[in-house]
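Here is a short briefing for a reader who is meeting this structure for the first time. It takes up a helix and then the pockets.

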Amino acid sequence: MVIAALALLALSAPVAAADCDPQATAPAHGRFKAVTAYFDNEIATGKLPGAVVLVEQRGHPLYLQCFGFRTAARVHPMTPDTLFALHSMTKPITSVAAMMLIDAGKLSLQDPVSKYIPAFADVQVGIESVADGKPVLQRVAPNRPVTVEDLMRHTSGITYGYIGGELIRQAYTDAHIFDGAFDNASFAERIAHLPLARQPGTLWRYGHSTDVLGRIIEIVSGQTLYAFEKQHLFDPLGMTSTKYVLDTDDEKARMAEPRPDDVVLNRAERQRRAHPEWQSGGGGLVSTITDYARFARMILNGGELDGRRYLSPAAFAAMTTDHIGPGSGVERDYFYFPGDGFGFGYGFAVRVEPGEAKPPPPGSLGELKWDGGAGTYFGVDRKLGLIYILMEQTETERGRVGPAFKKLLYDGLAASD
């Protein structure tokens, strides 16, 4: 059932746990009754342990609902201060941190990655072919160096071990890149010794690019990734619960968990938690919905919040412009995760057209979004002055729940016009 109701919070104020008090009885805003009914059903049928949903428009809170429980044991209700593993929703934050350094003139999009991580000077591209009836992985020199821009727009050729050709995937498996203790420095070295899936700049390929970017942030700033982000983003934005490692028993008790039968996510979470020394810029952050709302508001406002500017207008425009569209030379394949109607900027999917689906997915041109393998999902629709965030912990249901939530959300917005 619904645990709480509409939160009457100020634009910049954090939401207290009392706003999702189990005893609250006020109904959710009528526009979003279908959203409420949808998640009520997800919880009642056991598909999700719980979820938290937040919607704001033009500086006004419209909807904050906490559904179900933090774990499948159904002991602790979801609250606004529940912590969620963000997984790839970490990537936009790391990308903003890198753009801040670019904005300051300390880093350039055209810098070769090897300028900061010398091992990348010897990186090779893996070409899969067949010889004498057997698959062969030939390694060749790249046509040009991998650049910082390639890392930010996922055109580096760096992949994940579960994406792409069989022999590339096998190379990642054989390298045991997650064995033992490692930090960003040693992980970037491991990645540099693996074959690129394609020539740099020729294919949008999801992977560990943002992890390597996190290491470059460390080298340029002279700080750990977390220390830099905490000083320049988390503390100024008031993101007090966003971090890579949970330090206290209270924090651990506030952590949402997937269902026990959510095999892929449970395995990924065991791997993430087994390496507290690794500050993964591509997927390591833990946060709350109210913390992430602070970040999303800053993006909605063009890189500024509460009188403080985090990105110059030029830097913000660069981040939120499609850099892989016509004329870029960048191809797409089955593993193109931005989806129908979306291009990609520096860390965000960018809506560039309605898309080919009939009817097209809801949203406005210029809309920004990203999600994570744990089911977290956010969007910024600047045309409508809208931010929306879904926090849940599910790999098995995320592909179904995210699009359904977005449709119901926009249906509710349209009904109010």
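Helix H7 (residues 225-237) has a kink of about 45 degrees, centred on Gln 231, where the bend at a residue is the angle between axes fitted to the seven residues ending there and the seven starting there. This is a predicted model, in which local features need pLDDT of at least 70 and side-chain atom pairs count only at pLDDT 80 or more, while totals for chains, interfaces and linings use all residues. Residues are numbered from 1 along each chain as its sequence is written, and side-chain values use heavy atoms, with hydrogens and water left out.

**Helix H7**
- Just after H7 comes Gly 238, which takes a positive phi of about 80 degrees.

**Largest pocket**
- Of the 42 residues that line the largest pocket, His 87, Tyr 162, Phe 178, Ala 268 and Gln 271 lie nearest its centre, a lining residue being one with an atom within 4 Å of a point, on a 1 Å grid over the protein atoms alone, of an open set where a 1.4 Å probe fits, with protein on both sides within 12 Å along at least five of seven lines.
- Helix H4 (166-175), helix H9 (263-273) and strand S11 (368-371) are the elements that give two or more residues to this lining, and H9 gives the most, with 7 residues.

**Second largest pocket**
- Lys 369, Asp 371, Tyr 377, Gly 402 and Pro 403 lie nearest the centre of the second largest pocket, which is lined by 22 residues.
- S11 and helix H12 (398-415) each give two or more residues to that lining, with the largest share, 6 residues, coming from H12.

Key:
Helix = DSSP H or I, 4+ residues; strand = E, 2+ residues; numbered from the N terminus.
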